[in-house]
Amino acid sequence: VLQMAEVKNLLQSHLASNFWSNLQQNAPAHADVVKTLINAGFSPKLCADIVQAIPKEGDTAALLKRVSDIVEALIKVQDPIDVFDEGGIFTFIGPTGVGKTTSVAKVAARCVLRYGRNQVALLTTDTYRIGAQEQLKVFAKILGLPVVSVRDSDDLAAKLKEASKRKIVLLDTAGVGQRDTLMVDQTQLLAKGSANSHRILVMSATTDLRTQEDVIMLHNRADSAEKIKSVIVTKTDEAALVAPILDCLIRYELPLLFISNGQRVPEDLNPPNAQYLAHRAMRPRTMSGESGLASEQIPAVLADNLAQWSKTPS
């Protein structure tokens with residue numbers, strides 16, 4: 001089996017090298033586009049789809065402009081006003097350290113301004129992290145909102161019933177690793193205690209593409225009845241590359257609700273602008289020009305997804 005895998009890898013590498021050489025010779029502008037997309041942080045899978053959608057002819061600049069337009073059209077966005085005007089329970093989920101609690105505070109501030117503090121309730125299940133509830137309570141005190149702590153699914157169901165007379169209920173959850181056993185416990189707690197909630201996945205733009213995929217897949221699989229309805233992307237101001245997070249949102253067809261680009265509450269939270277995000281994705285913020293892949297390294301990246309490149313001009 002090991003020998004077969006080695007032969008397969010050698011064959012893939014050989015085919016990828018041949019494909020890349022042909023592309024550079026016969027369609028140099030397309031080769032430039034591929035290299036730009038890969039170095040921007042897009043996955044080879046989405047990169048193949050994008051390159052197949054651009055015209056057969058054109059110089060690099062014209063093709064890159066077309067690519068930016070395609071990426072912009074692929075980004076699904078939601079109007080936050082439409083989402084929150086419907087009211088309901090909004091559950092914020094996601095891994096540790098992505099800025100969930102800060103995002104809850106920012107959203108709470110907007111909801112208080114729009115609907116009044118009597119129409120907003122704040123709940124938290126985060127009993128794991130030291131100081132987690134204190135952080136939310138500081139934000140809530142500024143907004144004039146109480147924070148209600150939740151112990152288990154029965155307690156959550158009871159507290160949500162109490163809060164149901166308010167238009168907006170925001171539920172902050174513990175940040176747990178997507179492979180942590182605590183995630184299973186928390187998922188069961190949420191499934192039993194808060195049926196029909198609007199699940200908002202909070203993700204950091206600084207997280208690498210494979211980890212982001214892992215987070216999306218496990219959170220969507222964790223409770224088949226309740227899929228992710230919206231995404232908030234944080235730390236876009238810190239990320240050198242925003243293409244990986246956009247790549248995941250596009251491929252998993254997840255709608256973007258807010259972009260968070262700083263720590264200030266509530267200022268650093270903005271509705272998503274697809275045109276700006278596509279523009280930013282194509283222009284990585286790197287201090288060093290040496291951080292990208294050289295042309296001879298591109299075939300290694302393309303090797304696993306080579307079948308998808310069959311329609312690309314070469």
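Predicted model: local features only at pLDDT ≥ 70, side-chain atom pairs only at ≥ 80, totals over all residues.
Local features need pLDDT of at least 70, side-chain atom pairs count only at pLDDT 80 or more, and totals for chains, interfaces and linings use all residues. Residues are numbered from 1 along each chain as its sequence is written, and side-chain values use heavy atoms, with hydrogens and water left out.

A pocket here is an open set of points, on a 1 Å grid over the protein atoms alone, where a 1.4 Å probe fits, with protein on both sides within 12 Å along at least five of seven lines. Lining residues have an atom within 4 Å of a point. The largest pocket is lined by 19 residues, and S43, P44, L209, R210 and V301 are the closest to its centre. Two or more lining residues come from each of α2 (28-40), α3 (44-53), α10 (209-222), α11 (243-251) and α13 (298-302). Helices are DSSP runs of H or I, at least four residues, numbered from the N terminus. The largest share, three residues, belongs to α10. By class, the lining has nine nonpolar, four polar and six charged residues. Nonpolar means Ala, Val, Leu, Ile, Met, Phe, Trp, Tyr, Cys and Pro; charged means Asp, Glu, Lys and Arg; the others, Gly among them, are polar.

Helices α4 (60-74) and α12 (274-281) each give two or more residues. The most, five residues, come from α4. This lining divides into two nonpolar, four polar and four charged residues.
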